[in-house]
Amino acid sequence: MYRNTWMEVNLDAVAFNIKRLKEICGKRIIAVLKADAYGCGDSHVAKAALEAGAEMLAVSSLDEALMFRNEGYTGSLLVLGATDPADVSTMIEHDISVPAYCPEWVDAVLANHPAGLKVHMKVDTGMNRIGFKNNDDLKSAFDRLKEAGCVMEGIFTHFCCADFDEVFTNMQYDRFREAVEMLDYPFEWIHCDNSDATVWFKDDLSNACRIGISIYGINTYTDELRHPVSLHTTVTMVKKIKAGEKIGYGSTYTAMKDEIIATLPIGYADGFIRANKGRSVWCDGMLCQVVGNICMDQTMVRLEHEVPLNTPVEVFGPHIHLEDMAADLNTIPYEIICLISGRVTRTYVWHGQEDIEENARLLKSEATEV
Ligand SMILES: *Cc1c(COP(=O)(O)O)cnc(C)c1O
């Protein structure tokens, strides 16, 4: 590691979480690994998820699906978002399942020789993102795709409020059940649960759960999961400043008394966004407040006592919980981990062994070296 700022992903804890969730729901697990597995490294998380018993991987787009195929994954692979019907032959060639979600998509796909295309019918039950809103459109799309030789592999919907609204979730489910019963087809994959629903929502219709954020231990309804992800940096410089001195761009912070300030090699280009100003990081048993504006690559924090250079600093992890950080920043854990940029070194723990992966650009430049 050339710059001491790293994200740790404990894949043993990832595997534990997936096994536990599978026991809790008693259904097959679709591991949702979109957006580079929420920033945690999709090929690494996939390896742990598959070993833990996940039976399908889901991603957001055809590009993400092709990355898995290029890396040699040959198992079930589902795109969750919209796709371009012009790419039908690519979907078929690489055995990638896709959602059918509106009449226009179906019309365009039918014009592109879709025989053999694996389709999951997407039912919109209240989220109003993608999916068929009424049973007539759903039925006609289903019949036409089937007639054209598509493999009618699955049907699914997505809950929008499973973390807090039982009534609305039940309403969405009723609408889903109605759609599934109306089509009356032996779909191999019937799925509606996201992470939160996987824990509390029980039904006898669906046979798989799609879990994303709970892979990383975040769940509203259980505290049995482990927290595999943490973000760390180290102290690169320590200085004493006098009362009245100012810190950082714009001199937005003025020391009230003589203070000890540490500089950290992490900034907003790492995903440590400027809104973290005023929050604290953890260093040598102290909560240390971020003082002054966060720079692109560096951040200053106030210490209660001096520490040696290279002392480790936790941005989130065992002492500062990701969920608390998200609450401070008025956001959700998903956004914080997705934003940790590619230049942050990743370290993975797998079967008890630590493996350090240098930042993505460095790896790419080494791979293309002439
Ligand atoms: C992202 C996503 C999921 C996973 O949601 P979590 O809340 O992270 O479990 C499941 N299904 C769809 C359609 C999604 O877009």
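Me: Helices (H or I, at least four residues) and strands (E, at least two) are DSSP runs, numbered from the N terminus. In which loop is Val344 found?
Reply: This is a predicted model: local features need pLDDT of at least 70, side-chain atom pairs count only at pLDDT 80 or more, and totals for chains, interfaces and linings use all residues. Residues are numbered from 1 along each chain as its sequence is written; side-chain values use heavy atoms, with hydrogens and water left out. Val344 sits in the loop between α11 (333–338) and β19 (345–350).

Me: Is Val344 buried or exposed?
Reply: Buried means under 20% relative accessible area, exposed over 50%, and partly exposed in between (1.4 Å probe, protein chains only). Val344 has a relative accessible area of 1%. Val344 is therefore buried.

Me: How far apart are the C-alpha atoms of Val344 and Arg361?
Reply: Along the chain, Val344 and Arg361 are 17 residues apart. Their C-alpha atoms are separated by 10.0 Å.

Me: What share of the residues in the protein chain is buried?
Reply: The chain's secondary structure comes to twelve helices and 20 strands. Its C-alpha trace spans about 75 × 55 × 40 Å along the principal axes. Of the 370 residues in the protein chain, the buried share is 53%.

Me: Which residue in β10 stands opposite Met7?
Reply: Two strands pair if DSSP finds at least two bridges between them. Strand β1 (residues 6–10) and β10 pair in the antiparallel sense, over four bridges. Opposite Met7 stands Leu231.

Me: What is the bridge partner of His232 in β18?
Reply: Strand β18 (residues 312–316) runs antiparallel to β10, joined by four bridges. Within β18, the partner of His232 is Glu314.

Me: At what angle do the planes of Phe142 and Phe187 lie?
Reply: Rings of Phe, Tyr and Trp (its six-membered ring) pair if their centres lie within 6.5 Å; planes under 30 degrees apart count as stacked, over 60 as edge-to-face and the rest as tilted. The structure holds eleven aromatic pairs. Phe142 and Phe187 form one that is edge-to-face, 5.7 Å centre to centre. The angle between the planes is 70 degrees.

Me: How many residues apart in sequence are the parts that the pair of Phe142 and Phe187 ties together?
Reply: Phe142 is buried, and so is Phe187. Phe142 lies in helix α7 (residues 135–147) and Phe187 in the loop between α8 (166–183) and β8 (189–193). The pair therefore ties together parts whose separation in residues is 45.

Me: Over which ring does the charged end of Arg28 sit?
Reply: A charge sits over a ring if NZ of Lys or CZ of Arg is within 6 Å of the ring centre and within 35 degrees of the ring normal. Arg226 lies over the face of Phe16, 3.9 Å from the ring centre. The charged end of Arg28 is 3.7 Å from the centre of the ring of Trp189.

Me: With which side chain does that of Ser214 make a polar contact?
Reply: A polar contact is a pair of N or O atoms within 3.5 Å; within protein, one must be able to donate a hydrogen and the other to accept it, and residues adjacent in sequence count only if both atoms are side-chain atoms. Ser214 is found in the loop between β9 and β10, and counts as buried at 0% relative accessibility. Its side chain reaches the backbone oxygen of Ile218 at 2.7 Å. At 3.0 Å, the side-chain partner is Asn219.

Me: How far is a backbone N or O atom of Ile213 from an oxygen atom of the ligand?
Reply: An N or O atom in the side chain of Lys34 is 2.6 Å from an oxygen atom of the ligand. A polar side-chain atom of Tyr38 also lies 2.6 Å from a ligand oxygen. For the backbone atom of Ile213, the distance is 2.8 Å.
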